[in-house]
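Reader: I'm new to this one and a bit lost. Please give me a close look at how the side chains pack, and spell out the terms as you go.

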Amino acid sequence: MSFVRLGVGLFRSRLISSPLERVASPALARTFLRRYATEVTLEQRPTDVNAALSRTSTLFKTYKPITPGIRHLRRPLNPHLYKGRPLRLLTVALRKKGGRNSKGRITVRSRGGGHRRRIRLVDFMRIEPGPHDVVRIEYDPNRSAHIALIKNRNPNVEGTKKWSYILACEGLRAGHVVESFRQGIPDGLVEGFVDSKKIRGKAPGVDDNDLALANASLASGLLRARTVKPGNVLPLRLIPTGTIIHCIALNPEGRGILVRSAGSFGQVVVHEDNGRYTQVRLQSGEVRRVLQDCVATIGKVSNPLWKGRSLGKAGRARWLGRRPHVRGVAMNAVDHPHGGGRGKSKSNKHPRSIWGWLTKGKRTRKPGPKGPKGSNKMVVRERPRGVEKGAR
């Protein structure tokens with residue numbers, strides 16, 4: 001027993017002396033040890049992976065090429081993603097079609113096979129009001145962006161009203177709080193703020209009270225500070241100009257349909273004076289008029305490094321349901337406009353699709369400012385093409 005006690009005493013002396021050589025008081029030493037042991041057990045303490053990521057500027061994960069399939073494999077670093085299975089309540093089975101329509105004809109080529117998937121039921125409406133806690137960020141095999149599992153704080157709701165998936169915006173993490181103001185600003189949220197259609201879009205009159213105008217401006221600023229946060233849903237009329245948005249709806253009662261892919265974002269350009277439309281710049285560069293009662297989500301879509309990934313091998317594309325794509329010049333003349341001939345020749349033809357459409361900049365869509373009049377009145381400026389696109 002004496003040898004055991006002697007060993008324990010030597011261990012304690014080494015444990016105290018090594019990190020506390022500069023601490024003079026024994027009381028301070030005990031305090032330091034207690035704090036050190038407590039910090040190790042804190043949940044907020046960064047993990048080894050996060051600490052390693054903070055010391056490096058690498059954005060992609062690469063592998064030592066011990067096999068040919070991982071030599072060129074490159075994946076974005078996403079240590080915050082949940083590694084478990086999705087919530088079964090919010091998924092349904094995906095029945096694959098192999099690129100075929102209801103008549104059994106192939107309408108989308110190079111599709112088929114792939115791993116089994118379940119569709120995540122993402123809520124693009126965001127009707128439920130009140131604060132929702134972000135439980136975790138998950139990977140979705142059916143889209144390029146990540147999704148977030150949120151939980152409603154209202155104890156009286158159940159099922160899909162309590163749990164839901166939303167499109168995760170950039171920077172959204174577990175523990176954050178998001179809220180939907182699709183049904184309007186609740187009374188009493190910001191004192192002095194009035195959201196009325198009668199005063200929307202109108203400039204203040206000359207006879208208005210200066211104090212009332214100052215109070216209204218202050219209330220508007222407080223409202224923006226309270227509501228304009230990443231992941232929140234707001235009508236376009238309440239979003240300041242210059243704000244980055246995504247998941248934009250085109251119908252006041254519809255779901256968000258624009259700007260939903262990974263890393264994409266739109267921007268509020270200007271609110272028109274009539275109080276009816278807001279001009280929004282989309283990811284393609286097109287400026288479009290959208291009704292101010294339509295909603296949008298604040299922030300940029302998550303996973304912006306998705307386009308920089310590299311699958312590394314053809315088999316990984318097959319896992320995603322992509323079959324080989326045959327070039328037109330490798331086909332016979334009966335199968336493709338580029339087919340036939342001796343050697344690699346497309347017979348001095350302009351590049352065309354398998355159905356004969358020109359594929360190098362030829363406009364095939366008639367509606368628009370340059371098409372029939374009144375076909376698309378909401379487009380203020382078309383997306384840049386050709387020289388304009390290169391100058392962006």
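Author: Let's start with rings: those of Phe, Tyr and Trp (its six-membered ring) make a pair if their centres lie within 6.5 Å, and the pair is called stacked if the planes are under 30 degrees apart, edge-to-face if over 60 and tilted for the rest. Before using that, note that this is a predicted model, where local features need pLDDT of at least 70 and side-chain atom pairs count only at pLDDT 80 or more, while totals for chains, interfaces and linings use all residues. Residues are numbered from 1 along each chain as its sequence is written, and side-chain values use heavy atoms, leaving out hydrogens and water.

Search the whole structure and you get one aromatic pair. Its members are Trp355 and Trp357, tilted at 35° between the planes, with 5.6 Å from centre to centre. Both Trp355 and Trp357 are exposed, meaning over 50% relative accessible area; buried is under 20% and partly exposed is in between, with a 1.4 Å probe and protein chains only.

Now for the inside. A nonpolar core is a set of buried Ala, Val, Leu, Ile, Met, Phe, Trp, Tyr and Cys residues joined through side-chain atoms within 4.5 Å. The largest one here has 22 residues, and Leu236, Ile239, Ile245, Ile248, Val280 and Ala296 have the most contacts inside it. Two or more residues come from each of α4 (210-227), β9 (233-235), β11 (248-249) and β16 (295-298); the names follow DSSP runs numbered from the N terminus, with helices being H or I of at least four residues and strands E of at least two. Strand β16 gives the largest share, three residues.

Zoom in on Val280. Apart from neighbours within four places in sequence, Val280 is in contact with Leu236, Ile245, Ile248, Gln267, Val269, Glu286, Val287, Arg288 and Val290, where contact means heavy atoms within 4.5 Å. There's also a second, separate core of eleven residues, with Ile147, Leu149, Tyr165 and Leu167 among them.

Leu291 counts as partly exposed because its relative accessible area is 24%. Tyr277, in turn, has Arg289 over its face, 4.2 Å from the ring centre. Another case is the charged end of Arg136, which sits over the ring of Tyr82, 4.0 Å from its centre. A charge sits over a ring if NZ of Lys or CZ of Arg is within 6 Å of the ring centre and within 35 degrees of the ring normal.

Glu179, in strand β8 (residues 177-179), is buried, since its relative accessible area is 11%. Not counting residues up to four places away in sequence, Glu179 touches Arg126, Gly130, Pro131, Arg226, Gly231, Asn232 and Val233. Arg126 lies in the loop between β4 (118-120) and β5 (131-138) and is buried as well, at 9%. Arg126 has a positive phi, near 55°, though not a glycine. Most residues other than glycine have a negative phi.
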